[in-house]
Structure formats: C-alpha cells, structure tokens
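Trainee: I am new to this structure. Please show me how to read a few of its features.

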Amino acid sequence: MQITSFSTDRYIIRPWRSVLSDPAARADLEDALARILTPEVLAHLPPSLTLGPGDRVADWIDAREAESDVLTVTTARDEELIGLVILAQDPDAALPTVHLGYLFAKSVWGRGAASEVVTGLVQSLRASAPVRLIGGVDPANPASARVLEKAGFARDPAQSSQDSTIYTKDLA
C-alpha cells in the first residue's frame with residue numbers, strides 16, 4: 001500500500017523521504033525534531049521510539065525510516081513542523097494492516113491537531129481499502145485514546161494488555 005500526502009483544513013501531511021534526501025532539509029528536520037522530541041512528548045510512546053541520554057536525533061530518524069513510513073505534519077499557514085505520523089505495515093497480516101503511531105509538539109496539545117490529522121489519515125486511506133488500522137495507547141494517555149475514538153477506532157479488549165490499550169478501525 002502506498003502512503004501518500006494529504007491535507008486537512010490546518011495541516012499538510014506528507015512522507016518525509018524527500019526531506020531526508022536533501023541534506024539542508026534534513027538538517028532543518030533534525031533541528032525541529034530536537035525541539036519537539038521532549039521527554040514529555042515521548043513519555044507515553046513505546047521504548048523503541050524514545051530518545052535516551054546522549055541519543056542523536058539523526059539516529060532516531062534513521063531508525064524510524066528503516067522500520068516505518070513516516071509522514072511530517074506541518075501547519076498549512078507557515079509549514080512549521082508540529083508532529084509526525086508513523087505507519088508500520090504488517091506484511092504477514094491476511095488483511096492489509098497498518099500500525100499507527102503519532103506524536104505532536106507539546107505546543108499544539110489540546111488544540112485538536114491530532115484528531116484532525118488522524119481523521120484525515122483515515123479518510124485518505126479509504127482509497128486503499130480494505131485495510132485495518134491498529135493504534136496502541138498507553139493507558140496513562142487518555143487524550144490519545146480519545147483521538148482514536150473520535151476517528152472511529154474501537155477498543156479491542158482481546159489485543160489489549162495492562163501496558164497498552166489497542167484500538168482498531170477496519171476500512172472496507
């Protein structure tokens with residue numbers, strides 16, 4: 001499944017591959033992510049997505065690129081980077097399946113950015129149907145759970161655990 005660009009009323013969401021291939025644009029991305037990837041932003045993400053002391057943002061970017069399709073989220077008004085959408089396709093699933101992750105700068109928390117972007121993602125992926133979307137949420141992060149629920153995801157108790165609540169959405 002090809003992940004493409006899409007936009008919402010306030011945001012432009014596009015694959016970061018072209019940014020990674022341009023040294024000056026990549027340096028700008030690294031600088032922006034160094035400001036966004038704070039301990040508070042990373043607190044509820046899986047350990048593989050966190051930055052430890054001394055970890056380089058450049059290495060974090062390379063690891064995401066190796067394992068996932070990553071989309072940048074920028075404001076439509078001035079193209080300021082405010083977040084990332086991380087999509088990992090499951091090649092072994094019977095139905096095309098995409099694991100969804102996202103992170104947003106603390107400065108946009110509570111302003112509907114995540115809900116707008118995830119809803120836009122669902123709408124853009126309808127053209128790729130059938131596809132199953134799966135999002136895992138730390139139980140200590142109810143705001144992220146609400147984002148998925150607003151976008152039509154349903155809690156999947158069978159896949160959930162004490163450490164992660166799993167939400168799914170099937171696009172037919």
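Mentor: First, the ground rules. This is a predicted model, where local features need pLDDT of at least 70, side-chain atom pairs count only at pLDDT 80 or more, and totals for chains, interfaces and linings use all residues. Residues are numbered from 1 along each chain as its sequence is written, and side-chain values use heavy atoms, with hydrogens and water left out.

Trainee: Which residues does a cis peptide bond join?

Mentor: Most peptide bonds are trans. Here a cis bond joins A129 and P130, with omega about 5 degrees. P130 sits in the loop between helix 5 (113-125) and strand 6 (131-137). Helices (H or I, at least four residues) and strands (E, at least two) are DSSP runs, numbered from the N terminus.

Trainee: What is the phi of E79?

Mentor: Most residues other than glycine have a negative phi. E79 has a positive one, near 55 degrees. Its place is the loop between strand 3 (69-75) and strand 4 (81-90).

Trainee: Where is I36, and which residues does it touch?

Mentor: I36 belongs to helix 2 (residues 23-36). A contact means heavy atoms within 4.5 Å. Not counting residues up to four places away in sequence, I36 touches V41, L81, I82, G83, L103, F104 and A105.

Trainee: How many salt bridges does a search of the whole structure find?

Mentor: A salt bridge is a side-chain nitrogen of Lys or Arg within 4 Å of a carboxyl oxygen of Asp or Glu. The search finds 10. One of them pairs R26 with D62, the closest N and O atoms being 2.8 Å apart. That pair links distant parts of the chain: R26 is in helix 2, D62 is in helix 4 (residues 57-67), and they are 36 residues apart. R26 is buried at 16%, whereas D62 is partly exposed at 40%.

Trainee: Which side chain meets E40 in a salt bridge?

Mentor: K106 does, at 3.3 Å from N to O. E40 is in helix 3 (residues 39-42), and K106, 66 residues apart from it, is in the loop between strand 5 (97-104) and helix 5. E40 is partly exposed at 44%, and K106 is partly exposed at 44%.

Trainee: Which residues are linked in a network of salt bridges?

Mentor: R17, E65 and D69 are.

Methods
Buried < 20%, exposed > 50% of the residue type's maximum accessible area, 1.4 Å probe, protein only.
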